[in-house]
Amino acid sequence: GNAMLAVTQVNQDVTESMSDGGAANSKVILSAPILEISFVQETNGEVTVANVSGLAEPVVFRLQDASPTEGDECAFFDLDTKTWSTDGLSVANSSQIAQVTGALSNGTWCATT
């Protein structure tokens, strides 16, 4: 079968309904559009989401043109807990970015394994 990367920008109406987990005094400030990124596998015309984990090299992706500011984090919305989580995600370091681009590149980049 074929392996593919699916990237979808989440609609603003949906984004506004994603809570901050309800914790007292907690606040989530989005600095980039929310993206849904999945690896999918096609076999005999059927497409399924692939479970990818424990990679030797991280998947590194760029979220926006602006460089991250202090306190920025890469996170995902955990559908099971209905909260934002940083588990398995980090702001990519310069070495990880250079591995992908061949040189240091501006912007906010995230890394996950």
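**Exercise 1. The disulfide**

C74 and C110 form a disulfide, with their sulfur atoms 1.9 Å apart. The model is a predicted one. Work out how many disulfides the whole structure has, which hand this one takes, and which parts of the chain the pair ties together.

*Solution.* 
Step 1. Check the bond. A pair of cysteine sulfur atoms counts as a disulfide within 2.5 Å. The sulfur atoms of C74 and C110 lie 1.9 Å apart.
Step 2. Search the whole structure. The search finds one disulfide.
Step 3. C74 sits in the loop between strand 4 (59-64) and strand 5 (76-78), and C110 in strand 8 (residues 108-112), so the pair ties together parts 36 residues apart in sequence.
Step 4. Read the torsion. About the S-S bond of C74 and C110 it is about -85°, so the disulfide is left-handed.

**Exercise 2. Cover over the cysteines**

Decide for C74 and for C110: buried or exposed?

*Solution.* 
Step 1. Take the cut-off. Buried means under 20% relative accessible area.
Step 2. Apply it to C74. Its relative accessibility is 5%, so C74 is buried.
Step 3. Apply it to C110. With a relative accessible area of 2%, C110 is buried.
Step 4. Of the 113 residues of the protein, 20% count as buried.

**Exercise 3. The ends of helix 2**

Find which residue caps the N-terminal end of helix 2 (residues 94-101). Then find which residue takes a positive phi just after helix 2.

*Solution.* 
Step 1. Start at the N-terminal end. N93 is the cap: one of its side-chain oxygens lies 3.0 Å from the backbone nitrogen of S95.
Step 2. Go to the other end. Just after helix 2, G102 has a positive phi of about 85°.

**Exercise 4. The nonpolar patch**

Say which residues form the nonpolar patch on the surface, and which strand gives the largest share.

*Solution.* 
Step 1. List the members. They are L5, V7, L35, I37, F39, V52 and L55, with about 530 Å² of accessible area together.
Step 2. Assign strands. Strand 1 (2-9) and strand 2 (35-43) each supply at least two of the residues.
Step 3. Pick the main contributor. Strand 2 gives the largest share, three residues.
Step 4. Inspect one member. F39 belongs to strand 2. At 35% relative accessibility, F39 is partly exposed.

**Exercise 5. The overall layout**

State how many helices and strands the protein has, and what order the elements run in.

*Solution.* 
Step 1. Count. There are two helices and eight strands.
Step 2. Order them. From the N terminus, the run is β-α-β-β-β-β-β-β-α-β.
Step 3. Look at contacts. Among those with a separation of 6 or more, 61% join residues 24 or more positions apart.

Conventions. Residues are numbered from 1 along each chain as its sequence is written. This is a predicted model: local features need pLDDT of at least 70, side-chain atom pairs count only at pLDDT 80 or more; totals for chains, interfaces and linings use all residues. Side-chain values use heavy atoms; hydrogens and water are left out. Helices (H or I, at least four residues) and strands (E, at least two) are DSSP runs, numbered from the N terminus. Buried means under 20% relative accessible area, exposed over 50%, partly exposed in between (1.4 Å probe, protein chains only). A polar contact is a pair of N or O atoms within 3.5 Å; within protein, one must be able to donate a hydrogen and the other to accept it, and residues adjacent in sequence count only if both atoms are side-chain atoms. Patches are made of residues with over 30% relative accessible area and no salt bridge: like charges are joined within 9 Å, nonpolar side chains (Val, Leu, Ile, Met, Phe, Trp, Tyr) within 5 Å. Accessible areas come from the Shrake-Rupley method with a 1.4 Å probe; for residues, only the protein chains shown count as cover. A salt bridge is a side-chain nitrogen of Lys or Arg within 4 Å of a carboxyl oxygen of Asp or Glu. Contact means heavy atoms within 4.5 Å.
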